[in-house]
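Reader: I'd like to learn how to read a few features of a protein model. Could you walk me through them?

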Amino acid sequence: MLGGLAVAVAIIVFTMAVRLLVLPLSYYAFRGEKARARLAPQVQELQRRHARQPERLQRELTVLYRAEGTGMFAGCLPALLQIPFFSVVYRLFLSHRVGGGPNTLLTHDLLGAPLSSHWFSAPGPFSAQGGVFAILFVLLCVVAVFSVRAARRAAPVGGAAQPGGAASPGGAAQPGGAAQAGWMMAALVRFMPFGTVLMAAVLPLAAGLYLLTTTAWTVTERTVLRRAMNRKGQHD
């Protein structure tokens, strides 16, 4: 029914099916992030108290996170589980033969741009094919902007350190090293979502569609979960 768009739509549907599969883990990861935000003042205090005892600091942080039922890297699990599925899409549009026969997926396109093509492949980035990639880049940038805004809304007020020394939630000044680390983390949160544009520039168009779908899903999912948890907190 979809004609030439069938394979592109299939990639989008496949990506959404993968995200539905890991949705329970995404929920627990998001809940863990909320818990870590609540623990941020205690983490900062432990870092100040045990700045010269890294092994003890690690033990204390482990105990703190365990008591809250979360961990420092729990939020990475949904992304890690997507790697095998992303690899499948990537390989399908690079391999010339699949299952002993010609890979017919390589013959499909999106608005005239082959799904196996790259931005710099012939006929070039400034052709009609390059225009399809340009639309993809713009959409990825839009999703990245929404992702950054969502991260800012979710950040604990007063928790981020500022260059030159910042005040912690308790009012105590942070050491210069902690302030610099906080500034670097804020910059990472601000610019990391735009890394998907760089990835899409070197990946096949099919993989770029996967990236666009999964990042848009992430922003929408986190917005819905945040509102649901906020409503739950108000009712409680």
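This is a predicted model: local features need pLDDT of at least 70, side-chain atom pairs count only at pLDDT 80 or more; totals for chains, interfaces and linings use all residues.

Reader: Which residues form the positive surface patch?

Author: A patch joins like charges within 9 Å, using residues with over 30% relative accessible area and no salt bridge (a side-chain nitrogen of Lys or Arg within 4 Å of a carboxyl oxygen of Asp or Glu). Accessible areas come from the Shrake-Rupley method with a 1.4 Å probe. Here R149, R152, R153, R190, R227 and R231 form it. Helix 5 (128-154) and helix 8 (205-235) each give two or more residues; helices are DSSP runs of H or I, at least four residues.

Reader: Is A144 buried or exposed?

Author: Buried means under 20% relative accessible area, exposed over 50%, and partly exposed in between. A144, in helix 5, counts as buried because its relative accessibility is 3%. In contrast, R149, also found in helix 5, is partly exposed at 48%. A144 touches P193 and F194, not counting residues up to four places away in sequence; contact means heavy atoms within 4.5 Å.

Reader: What is the phi of L111?

Author: Most residues other than glycine have a negative phi. L111 has a positive value, near 55°.

Terms used:
Residues are numbered from 1 along each chain as its sequence is written. Side-chain values use heavy atoms; hydrogens and water are left out. Patches are made of residues with over 30% relative accessible area and no salt bridge: like charges are joined within 9 Å, nonpolar side chains (Val, Leu, Ile, Met, Phe, Trp, Tyr) within 5 Å. Lys and Arg count as positive and Asp and Glu as negative; His and the chain ends are not counted. The place of a charge is taken as NZ of Lys, CZ of Arg, CG of Asp or CD of Glu. Buried means under 20% relative accessible area, exposed over 50%, partly exposed in between (1.4 Å probe, protein chains only).
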